Amino acid sequence: MTEPLKRPRRKDPLKRTQQPLYPQSIRSRTAHGLTKAAAAGRFELQTCDDCSTVFYPPRDACPTCLSERLPFKTVDNRGTLLAETTIRTSTDPYFRERTPWRVGLTKLDAGPVILSHIHGDVLEGQRVRLDLKLDKGGAPVMIALPEKDTPNMADDPHLREMTCDPKFRRVLITDGRTPVGQAMARAFSDAGCNIVFVGIADPWKPFPGQDELRKIERVEIVPLDVTDSESVTEQAEQNGGRIDIVVNTAEHIRAGGIMQRHGVTVAREEMDVRYLGLMRLAQAFGPAMRGRGADGVNSATAFVNLLSVHALMNWPQYGAYSAAEAASLSAAQCLRAELRSGGVRVMNVFFGPLDTEWFQIVPPPKVTPAALAKAVVQALQRGLEDVFVGDIAEDVRARLAANPKALERELAG
Amino acid sequence: MATTPASDLLGMAQRVASGAIKVVDLTQTLTQEFPTIVLPPEFGQAAPFRLEEISRYDERGPAWYWNNFSVSEHAGTHFDAPIHWISGKDLPNNAVDTIDPRKFIAPANVVDCSAESAVNADFELTVPFLEAWEKKHGRIGAGEWVLLRTDWSKKSYAEYAGMREDGAHTPGPVPEAVKWLVEERDVHGFGTETIGTDHGQGHHFNPPFPAHFYMHGKGRFGLQCLTNLDQLPPKGAVIFSAPLKIKNGSGSPLRVLALVEAA
């Protein structure tokens, strides 16, 4: 049984902080099929279109029939752990620091035999579930998990290396004035965060929910305005060295397209909050987080961007908003590359219209702030990178994958 | 050697230099945190003051420090030109760049209602109050500023903005008082310590926002977010308030100085 994680003790200030490392992460273009699935939390393997063979590792020709039609498809992840061993030494700097490290061979019911990391609660001969995860460097890896969830299984040190579990970590919610920010504060408090910093801009302006927000356990209200470089810098100077997860809840949602908008004042605000705001946060908090990617069990671990799914394809009814979201997404992709060397994950969470005042006249289905917050926490616990929340987001993703041009025309109305 | 007697103007400069004339800064420092007027969120919003470094003796400019700033015409201590309001939109020379620069220097009457405002955030400046003030301090002259001292500038930002569920609660004039100042006293303009020249609940007056409507309708000016009004005498101060020369500008943040005879 997994030893439950203990609340981390205060750091010895005389000790050097361990530098982040990540395992070898070069993958072939074909193998990035696994990256795609792992990033979204799906278990997919190449499955031959011609002879239905399921195989691993990724190849460009079917090992059975030499077909080249080899899409990644969701397959049954259950199997049996045939054999295991414990690695006690390694030439890889990342693993050298982490041995002993158990690995094992799993025979999947679907066919292939796969060499993978194994969870501490799994023993040779047992039934297991293989899970596709991203490792510290963002490369896809397999881990054999117990057949059924075991107590404290998320606290397993191997598994925790592959996830961004908020438990015992310190999170910064950048804007607590909104229903989404407040739902997020609640969800991270419930998820066992040590401190939930919640940024509030313009504290002289009252906002709904402020009394309830202050009552949430372990919430600390801090001054933060993502449109003000000085405010962001000051907050990072104050708390940047102990923030493990940033969740950027700063939003700017207004209906309207490009042509009918009267001037660019609102568009500037949108870009200031959504694009420059992200850049300010990245500059102020990013370097310290990247330096703390291996700082014990409560290392810096994730930067979470909340994005409209219309960052991926413009929705003219909210066209200017979509454009600002697209800018934010592009910046988030850049940040992902920049934080990678620190083992800090950038998680992009896409959603359709929210059940909040700025989407008042949009018909359901809509995503409630509580549902969004729950999805964010779960995705961090699973260590995902690309998350789609709700029916609209899933629908847009599917239609985009099938035919982007069709989606563009359909969204044009 | 006999010194040439100074002209009035140079004499004034000498008295400023010697401290015989005191210079009182009526300006709030432009900061990111200072409250800006809040409209319902579906309206366009006045941008608060923001500062972005261009360089600070670093790789962006090794030997120099400078910033870009952005701000609305109506943030911080600022000047309102007649063109700001629909009632003044067609007047001649109604924008900050076309106003006669002589008008940027004018005497001030400082109406102290700090005691009344301290006990009542919704204090209304009325004609009887102004008449009582005149009995004590003398008639408000044509072409003179009327500045409302409420000590609002001394409050915390939350109290200063006074935002509650039914809007802002800050002192200000009732419509009759503004009309009276413009029509009966021919004043130069109206200045306050609060976020705007109007009462916090001024949108419920008739006409709404009377300090804007009547003052700007008659080509008069506004000053708001003033501070240090408690250092001015009821009469006798001279106000220097030249806004930035923004093309067709409706107002501008500015440095407001008062010259006062030292006691």
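Predicted model: local features only at pLDDT ≥ 70, side-chain atom pairs only at ≥ 80, totals over all residues.
Asp202(A) is buried, since 21 other C-beta atoms sit within 10 Å. Asn228(B) counts as partly exposed, because it has 17 C-beta neighbours inside 10 Å and a residue needs 20 or more to be buried.

Two peptide bonds in chain A deserve a look as well. Tyr56(A) and Pro57(A) are joined by a cis peptide bond, with omega at about 0 degrees, and Pro57(A) belongs to the loop between E2 and E3 of chain A. Another cis bond links Pro364(A) to Pro365(A), with omega at about 5 degrees. Here Pro365(A) lies in the loop between strand E14 (345–351) and helix H9 (369–382) of chain A.

Zooming out, chain A is assigned domain 1 (32–162) and domain 2 (170–412). The centres of domain 1 and domain 2 of chain A, taken over C-alpha atoms, are 31 Å apart. Where they meet, 11 residues of domain 1 of chain A are in contact with nine residues of domain 2 of chain A. On the domain 1 side, helix H1 (32–40), strand E7 (127–134) and helix H3 (157–162) of chain A each supply at least two residues. Sorted by class, that side of domain 1 of chain A has five nonpolar, three polar and three charged residues.

The two chains touch each other as well, with 12 residues from chain B and 10 residues from chain A taking part. For chain B, strand E2 (50–58) and helix H4 (157–161) each bring at least two residues to the side that touches chain A. H4(B) gives the most, with four residues. The class tally for this side of chain B comes to eight nonpolar, two polar and two charged residues.

Now for the sheets. In chain A, three strands form an open sheet in the order E2-E1-E3, with antiparallel pairing. Strand E2 (54–55) and strand E3 (72–74) of chain A stand at the edges with a single partner strand each, so one side of each has no neighbour in the sheet. Strand E1 (residues 44–47) of chain A pairs with E3(A) over three bridges in the antiparallel sense, and the bridge partner of Leu45(A) in E3(A) is Lys73(A).

Elsewhere in chain A, strand E12 (residues 245–248) has parallel partners. Three bridges join strand E9 (residues 170–173) of chain A to E12(A), while four bridges link E12(A) with strand E13 (residues 302–308) of chain A. Val247(A) takes part in both pairings: it is the bridge partner of Ile173(A) and stands opposite Val304(A) in E13(A). In a regular strand the side chains alternate between the two faces of the sheet. Along E12(A), Ile245(A) and Val247(A) point one way and Val246(A) and Asn248(A) the other way, and all are buried.

Chain B has an open sheet of nine strands, ordered E1-E15-E13-E5-E7-E11-E12-E4-E14, with mixed pairing. Its edges are strand E1 (21–25) and strand E14 (251–253) of chain B, each with a single partner strand, so one side of each is left without a neighbour in the sheet. Ignoring direction, neighbouring strands of this sheet are turned by 25 degrees against each other on average.

Finally, the helices of chain A. The axes of helix H10 (residues 391–402) and helix H11 (residues 404–412) of chain A come within 6 Å and cross at roughly 130 degrees, which makes H10(A) oblique to H11(A). Val396(A), Arg399(A) and Leu400(A) of H10(A) make the contact with Pro404(A), Ala406(A) and Leu407(A) of H11(A). These residues divide into five nonpolar, no polar and one charged. Ser330(A), in helix H8 (residues 319–339) of chain A, counts as partly exposed because it has 13 C-beta neighbours inside 10 Å.

Terms used
Residues numbered from 1 in each chain as written. Chains lettered and ligands numbered in written order. Domains from an automatic or database assignment. Contact = placed C-beta atoms within 7 Å. Nonpolar A, V, L, I, M, F, W, Y, C, P; charged D, E, K, R; others polar. Axes fitted to C-alpha atoms, helices over the stretch in contact; angles between N-to-C directions. Parallel < 35°, antiparallel > 145°, perpendicular 65-115°, else oblique. Buried ≥ 20, exposed ≤ 12 C-beta atoms within 10 Å, placed from the backbone. Pairing = 2+ DSSP bridges.
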